[in-house]
Amino acid sequence: MDLKGEFARLERENPGKSIAAYLHPEGGGTGAPARATLYYHVSTNDSVPAAAHVLDSLEDRRVVYTNLASDHWLTTYMSSQLVHMQNPAGCNKLRLWQRNSIDWTVERPAPAPGMALRVGGRFLGDAEGPIAGGGLGAMAKKVAARPALADAGGGREKALERALRYYALAAYAVISRARHHSTMLGNYVGAILVSDSGRILAWGFNSTSFHHAEVNLMLAYFLAKPGETKLPANSIVFSSLTPCKQCATLLETARGTTNSIFYGQFDSGDFGKAGAATSAKIDDVTKPVSVGGKPARTFVAGTLDTEVAKQNIAQNIGKSEAAKTLIDRTLDEIGRRSSKDRKLEDEEQTVKSAVLKHIKETLDAIAI
Ligand SMILES: [Zn+2]
């Protein structure tokens, strides 16, 4: 059997495409099976690699052959399962594998069904958002570039800055919705993508394995946008935790010059803090939104830090009852603020009310 030759043929038939394949033995019993089927997937969207589809379709750990670059974001945690066909090291591994499986004959049928990604996230459409005239992206750039907390201006400027904090809160509220309405939630991390006019374009939460919140967010978005590789201009990513090495690599691949990334908590782990260099901690650049009212007026991240060990924040939040209660309160807080009876006398109030209403409605619809 010439697996490398088979893979090369797939590449010739699908030039420039992302390809991933795996072998499935036929028959069974003891000893090496005589036959295997080479299942494969070709991705029509470079932003959603074929290897992600194949990894998600497998119920067990096995070698996946792929033409992904070896520094692709998906290799951060999954490299032990991926063999890069053009990578000499990968070829050595392949030869080893073949020696154990000598005399197999391989059939290459049509692509296998069931290559759907297990995404803990959704794309919500990209109609106009609640902020008439937009401008959230420019405000995000301005705020993210601040060296420290600064006083907001007034009117519309102040409303847009306040809106950024509400969206940051919403990234936590996604976790609350997921924990009550999904069986997929892994680590307690949530993320949203927001348009220039304030529409929540997509949301994601951690659903284990390589499916971190930001990965699910991006997969949900790009699955709905075949052929696109960049985030929409002036859109903003909010994550409840510093993007890790994997997520930061993905975000940097997809971001343009007009995009901003904010996070809530800082993860001090070696991989965990990777995204801090290219994103802004919302608490450092805007005034905190209080959660649960008195007495502490601090953003939810600060309170969560005291509830869990600073190391392995992502893994520990879900183990703390106090942290889980606090995350649920972020959802309550958005509901409370959105139902406040405001006199819509000026532009500031109009923008804030429209944003809160949109966030509340979007969060209420999250169930997966
Ligand atoms: Zn991550």
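Colleague: In E8, which residue is the bridge partner of Leu193?
Modeller: This is a predicted model. Strand E7, residues 190-194, pairs with E8 in the antiparallel sense over 5 bridges. In E8, Leu193 is bridged to Ala202.

Colleague: Which residue in the turn of the E7-E8 hairpin has a positive phi?
Modeller: The hairpin leaves 5 residues between E7 and E8. A positive phi of about 85° occurs in that turn, at Gly198.

Colleague: Which residue stands opposite Phe123 in E8?
Modeller: Strand E6, residues 121-123, also pairs with E8 in the antiparallel sense, over 3 bridges. Gly121 stands opposite Gly204. Phe123 faces Ala202.

Colleague: Which strands stand at the edges of the sheet?
Modeller: The sheet is open, with 6 strands in the order E6-E8-E7-E9-E10-E11 and mixed pairing. An edge strand here has a single partner, so one side of it is left without a neighbour in the sheet. The two edge strands are E6 and E11 (280-281).

Colleague: How many residues of E8 are buried?
Modeller: E8 spans residues 200-205 and is mostly covered. Helix H7, residues 213-223, lies across E6, E7, E8 and E9, running at about 135° to E8. The buried count for E8 is 6 of 6.

Colleague: Which residues of helix H10 are buried?
Modeller: H10 covers residues 300-307. Its buried residues pack against H6, E10, H9 and H12. The buried residues are Val300, Ala301 and Leu304.

Colleague: How wide an arc do they cover around the axis of H10?
Modeller: Val300, Ala301 and Leu304 are the buried set. They lie on the same side of H10, because their arc around the axis is only 90°.

Definitions and conventions:
Residues numbered from 1 in each chain as written. Predicted model: local features only at pLDDT ≥ 70, side-chain atom pairs only at ≥ 80, totals over all residues. Buried ≥ 20, exposed ≤ 12 C-beta atoms within 10 Å, placed from the backbone. Helix = DSSP H or I, 4+ residues; strand = E, 2+ residues; numbered from the N terminus. Pairing = 2+ DSSP bridges. Arc of directions from axis to C-beta. Contact = placed C-beta atoms within 7 Å. Axes fitted to C-alpha atoms, helices over the stretch in contact; angles between N-to-C directions.
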